[in-house]
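Trainee: I have the structure open and some time to go through it. Can you walk me through the main points?
Mentor: Go ahead and bring it up.

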Amino acid sequence: MSTATFQLDEETPGRLGVRGVLSFDTAAAALEAIAAALVAGSVTRLDLAGVERSDSAGLACVLAVQAEARRLGRALVVEHMPAGMRALARVCEVDALVG
């Protein structure tokens with residue numbers, strides 16, 4: 001059983017902060033929570049500065065969130081993507097999709 005967790009910070013209007021771990025253990029729950037926040041509010045920025053650890057599932061979560069924002073007709077800027085996630089995005093040739 002994993003103890004990996006993530007938290008969302010919705011204190012700043014228009015900004016959704018993600019803290020903790022975005023990994024295979026948390027990505028599905030994170031995607032569900034972030035998508036719900038997108039639907040419920042006017043989120044324009046996804047701030048990943050608080051992400052301590054991520055893997056390919058975390059990157060997939062971010063890509064899926066961006067797709068959901070596009071589906072809703074909203075622009076979503078990803079900020080402060082961790083270096084490891086950005087490197088993985090480059091290797092997977094999806095870096096242009098995450099900005």
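Trainee: Which residues does Gln-66 touch, not counting residues up to four places away in sequence?
Mentor: Gln-66 touches Leu-76, Val-78, Leu-97 and Val-98 on that count. Keep in mind that this is a predicted model.

Trainee: Where is Gln-66 placed?
Mentor: Gln-66 is in helix α2.

Trainee: Is Gln-66 buried or exposed?
Mentor: Gln-66 has 7% relative accessibility, so it counts as buried. The cut-off for buried is under 20%.

Trainee: What does the side chain of Gln-66 reach?
Mentor: The side chain of Gln-66 reaches the backbone oxygen of Leu-97, at 3.4 Å. Leu-97 is also one of the residues that Gln-66 touches.

Trainee: New topic, the core. How many residues are in the largest nonpolar core?
Mentor: The largest nonpolar core has 26 residues. Leu-22, Ile-34, Leu-46, Leu-48 and Val-62 have the most contacts inside it.

Trainee: Which elements each supply at least two residues of this core?
Mentor: Strands β2 (15–22) and β3 (45–54) do, and so do helices α1 (27–40), α2 (56–71) and α3 (83–91). Helix α2 gives the most to this core, with 6 residues.

Trainee: Why a core like that at all?
Mentor: In soluble globular proteins, nonpolar side chains tend to be buried together.

Trainee: Take Leu-46. What is Leu-46 in contact with, leaving aside its neighbours within four places in sequence?
Mentor: Its contacts are Leu-16, Val-18, Ile-34, Val-65, Leu-76, Val-77, Val-78 and Glu-79. Ile-34 is also among the residues with the most contacts inside the core.

Trainee: Back to the helices. How do the axes of α2 and α3 cross?
Mentor: The axes of α2 and α3 come within 10 Å and cross at roughly 80 degrees. Angles from 65 to 115 degrees count as roughly perpendicular, and α2 and α3 are therefore roughly perpendicular to each other.

Trainee: Which residues make the contact?
Mentor: From α2, Ser-56, Gly-58, Leu-59 and Val-62 take part, and from α3, Met-85, Leu-88 and Ala-89. The residues of this contact divide into 5 nonpolar, 2 polar and no charged.

Trainee: Now the loops. Where does Phe-24 lie?
Mentor: Phe-24 lies in the loop between β2 and α1. The place of Asp-25 is in the loop between β2 and α1 too.

Trainee: Is Phe-24 buried or exposed?
Mentor: Phe-24 counts as exposed, at 62% relative accessibility. Asp-25 counts as exposed as well, at 52%.

Trainee: What does Phe-24 touch, not counting residues up to four places away in sequence?
Mentor: Phe-24 touches Asp-55, Ser-56 and Ala-57 on that count. The C-alpha atoms of Phe-24 and Cys-61 are separated by 9.7 Å, and these two residues are 37 residues apart along the chain.

Trainee: And what separates the C-alpha atoms of Asp-25 and Val-62?
Mentor: A distance of 15 Å, with Asp-25 and Val-62 37 residues apart along the chain.

Trainee: Last topic, backbone angles. What is phi of His-80 near?
Mentor: Phi of His-80 is near 55 degrees, a positive value in a residue other than glycine. His-80 lies in the loop between β4 (77–79) and α3, and is exposed, with a relative accessible area of 52%.

Trainee: What about Glu-93, where does Glu-93 lie?
Mentor: Glu-93 lies in the segment after α3. Phi of Glu-93 is near 60 degrees, a positive value, and at 71% relative accessibility Glu-93 counts as exposed.

Methods
Residues are numbered from 1 along each chain as its sequence is written. This is a predicted model: local features need pLDDT of at least 70, side-chain atom pairs count only at pLDDT 80 or more; totals for chains, interfaces and linings use all residues. Side-chain values use heavy atoms; hydrogens and water are left out. A nonpolar core is a set of buried Ala, Val, Leu, Ile, Met, Phe, Trp, Tyr and Cys residues joined through side-chain atoms within 4.5 Å. Buried means under 20% relative accessible area, exposed over 50%, partly exposed in between (1.4 Å probe, protein chains only). Helices (H or I, at least four residues) and strands (E, at least two) are DSSP runs, numbered from the N terminus. Contact means heavy atoms within 4.5 Å. A polar contact is a pair of N or O atoms within 3.5 Å; within protein, one must be able to donate a hydrogen and the other to accept it, and residues adjacent in sequence count only if both atoms are side-chain atoms. Axes are lines fitted to C-alpha atoms, for helices over the stretch in contact, and angles run from 0 to 180 degrees between N-to-C directions. Angles under 35 degrees count as roughly parallel, over 145 as roughly antiparallel, 65 to 115 as roughly perpendicular and the rest as oblique. Ala, Val, Leu, Ile, Met, Phe, Trp, Tyr, Cys and Pro count as nonpolar, Asp, Glu, Lys and Arg as charged, and the others, Gly among them, as polar.
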